[in-house]
Amino acid sequence: MPGLNLKKGDHVEVLSGKDRGKRGRVVRVWPKDDKIMVEGVNFVKRHEKVRAATGRAGTQGGIITKEMPVHISNVGLVCDDCDKPRRIGFEIDDEGKHRVCRTCGKRI
Ligand SMILES: [Zn+2]
């Protein structure tokens with residue numbers, strides 16, 4: 001959904017992939033890359049390396065889980081009134097451009 005204009009704090013639902021159906025708040029946005037980070041979504045496991053300089057006896061590397069960015073085409077903006085991810089339209093008035101739910105007309 002290009003042009004979705006997602007912002008930090010938006011409520012989104014994942015529409016595809018392993019996290020499909022999960023919802024969360026947008027915590028970070030990379031507008032140029034069309035990527036966002038969503039709270040609790042797209043956790044990946046990574047092996048943490050032990051650095052030689054800080055390594056001491058008993059220090060071990062481990063598996064850490066980390067949130068990774070997702071492409072905005074994989075998420076939908078949730079309309080709180082519909083309680084579903086909805087197609088978004090735009091409305092323009094004196095105050096500027098507003099996002100609206102195309103189903104119920106509520107501003108999001
Ligand atoms: Zn709605």
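Which residue in E6 stands opposite Lys 35? In this predicted model, the residue opposite Lys 35 is His 71, and the strands E3 and E6 pair in the antiparallel sense over two bridges.

**Sheet**
- The open sheet is formed by six strands in the order E6-E3-E2-E1-E7-E8, and their pairing is antiparallel.
- Strand E6 (70-71) and strand E8 (84-85) are the edge strands, each of which pairs on one side only.

**Nonpolar core**
- The largest nonpolar core has 11 residues in all, namely Leu 6, Val 12, Val 14, Val 26, Ile 36, Val 38, Val 41, Val 70, Ile 72, Val 75 and Leu 77.
- Two or more residues of this core come from each of strand E1 (11-14), strand E3 (35-38) and strand E7 (75-79).
- Once its neighbours within four places in sequence are set aside, Ile 36 is in contact with Leu 6, Val 26, Arg 28, Val 29, Pro 69, Val 70 and Ile 72.

**Loop residues with positive phi**
- Most residues other than glycine have a negative phi.
- Asp 34, in the loop between strand E2 (23-30) and E3, has a positive phi near 55 degrees, and this residue counts as partly exposed because it has 17 C-beta neighbours inside 10 Å.

Technical notes. Residues are numbered from 1 along each chain as its sequence is written. This is a predicted model: local features need pLDDT of at least 70, side-chain atom pairs count only at pLDDT 80 or more; totals for chains, interfaces and linings use all residues. A nonpolar core is a set of buried Ala, Val, Leu, Ile, Met, Phe, Trp, Tyr and Cys residues joined through C-beta atoms within 7 Å. A residue is buried if 20 or more other C-beta atoms lie within 10 Å of its own, exposed if 12 or fewer, and partly exposed in between; C-beta atoms are placed from the backbone. Helices (H or I, at least four residues) and strands (E, at least two) are DSSP runs, numbered from the N terminus. Two residues are in contact if their C-beta atoms, placed from the backbone, lie within 7 Å. Two strands pair if DSSP finds at least two bridges between them.
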